[in-house]
Amino acid sequence: MRKPVPLFWRVSPLFVTAIVVVLFGVVLTAHAARTWPTYQSGSSGENVRSIQYMLVQRGYSLTVDGQFGSGTASVVKSFQSTNGLSVDGIVGPQTWEKLIVTTQNGSNGSAVTTLQRQLNAHGASLTTDGAFAPATESAVKSFQSSKGLSADGIAGLDTWSQLVGGSGSGGSNGDKLSQSQAASLLSSAGISVTSSGGCTDRNNASCTSLDQIRRGTIDGVIAFKNQSGCAITITGGTETGHAGGTYSHWNGYKVDVAHTTCVTNYIHSHFTYKGLRSDGAPMYDDVSGNRYADEGSHWDITYY
C-alpha cells in the first residue's frame, strides 16, 4: 500500500516557485537599499581616505592621504582580484560591500579610525585613536538612529552605506558646496563668517567666499569647533588672493579661522608641533593629519 503524499509535496510547483521568487526578491530588495558612491583615479576626499584605511585594515600597504592616485588604484585592483571582483581599480558598490570591515565595541585598528573620522564629519566629537570604546559606540548608535537604522552600535554595511553615501545636505566629503549650502551648514553649527569687504564674491579678494569649498573642509571645521568648545569665526575661504597649489583655498581645502586665546590654546595643547613653514608660520597637525598654521592674525587650516 502506497503511503499518502505529504500535503507539502502536493502543493502546486508553481506555488512553490512563487514563494522562492518572493523570498529571493526580499533579499535583493534589502541589498539594493544600500547605496554606495563610486571612486576612481583622480577622486579625493574623506571617502577616499576611508577606502585607504579599510585597505590598510585588510593588510595592504599604501599611503592614507585622501587622494585616489595610481598607488591606491593598484592596491584596489589587487584587492578586487583577491576577492573575485571585476579588476578595474574602481571602487563601486560591489567593491565597497567586500571592503568594509564591520566593527563594534572592543574593535581596534584603521577601520575604527576611519569610522571615527566619518562620525566626526557627521557631527560627532570623537578622538580618532582607532579604539572602539563606549564613546564611539554611543556615536554610532546616535548616527544610526538619525538615519532610521537599528541602533545596535555595530558599524556594518548599512551604517557605512549611510556614512559614505547618505550624508544628505551637500553630498559626500569630496564634493564641492555652493555658497548657500556651506553657509547653512556652518550657521547650523554655530560658526560665524566675516568678511572685510562684507561680501561673498569668490573673485574678489576682499570677500570671504564659501563657494566651491569641499564638504570635507566644512565638516572638518565643524568637528574642530565641537572638539575644542571654542567660538569659531571664519575669515577666509575660497576667494581669490590666497596662495595657489593643490591643497589651496581656491580648491576648497583651506579656511582661515580668527586667532583667539581659546583656539590657540587648544591647538597648542592637543595637536603636534611640526616646525616652521617656509614663511615662518608655526605648524601643528591634528591626529588626522590636518594642518593648522599660525599666520599671526588667523589660523590657516588645511583639511585633507
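At what angle do the axes of helix α3 and helix α6 cross, and within what distance do they come? I looked it up, keeping in mind that this is a predicted model. Helix α3 covers residues 46-57 and helix α6 covers residues 110-121; their axes cross at roughly 160 degrees and come within 8 Å. Angles over 145 degrees count as roughly antiparallel, so α3 gets that label relative to α6. I also noted the handedness: α3 passes α6 in a left-handed crossing.

Next I listed who touches whom in this pair. On the α3 side I found E46, N47, R49, S50, Y53, M54, V56 and Q57, and they meet S110, A111, T113, T114, R117 and Q118 in α6. Sorted by class, that contact has 4 nonpolar, 7 polar and 3 charged residues.

**Entry two: α6 again, with another partner**

I stayed on α6 and turned to helix α8, which is residues 157-165. Here the axes are 10 Å apart and the packing angle is about 50 degrees. That angle makes α6 oblique to α8. The crossing of α6 past α8 is left-handed.

Which residues make this contact? From α6 I wrote down A111, T114, L115, Q118 and L119, and from α8 W160, L163 and V164. By class they divide into 6 nonpolar, 2 polar and no charged.

I picked out F224, Q227 and S228 in α10, which meet V263, Y266 and I267 in α11. The class count for this contact is 4 nonpolar, 2 polar and no charged residues.

Last, I zoomed out. I got 11 helices and 9 strands for the protein. How much of it is buried? Out of 304 residues, 45% count as buried. The accessible surface comes to about 14,300 Å², and 53% of that belongs to carbon and sulfur atoms.

I checked the contacts along the sequence too. Taking those with a separation of 6 or more, 56% are between residues 24 or more positions apart.

Terms used: Residues numbered from 1 in each chain as written. Predicted model: local features only at pLDDT ≥ 70, side-chain atom pairs only at ≥ 80, totals over all residues. Heavy atoms only, no water. Contact = heavy atoms within 4.5 Å. Helix = DSSP H or I, 4+ residues; strand = E, 2+ residues; numbered from the N terminus. Nonpolar A, V, L, I, M, F, W, Y, C, P; charged D, E, K, R; others polar. Buried < 20%, exposed > 50% of the residue type's maximum accessible area, 1.4 Å probe, protein only. Areas by Shrake-Rupley, 256 points an atom, 1.4 Å probe, with all protein chains shown as cover. Axes fitted to C-alpha atoms, helices over the stretch in contact; angles between N-to-C directions. Parallel < 35°, antiparallel > 145°, perpendicular 65-115°, else oblique. Left-handed = near helix turned anticlockwise from the far one by under 90°.
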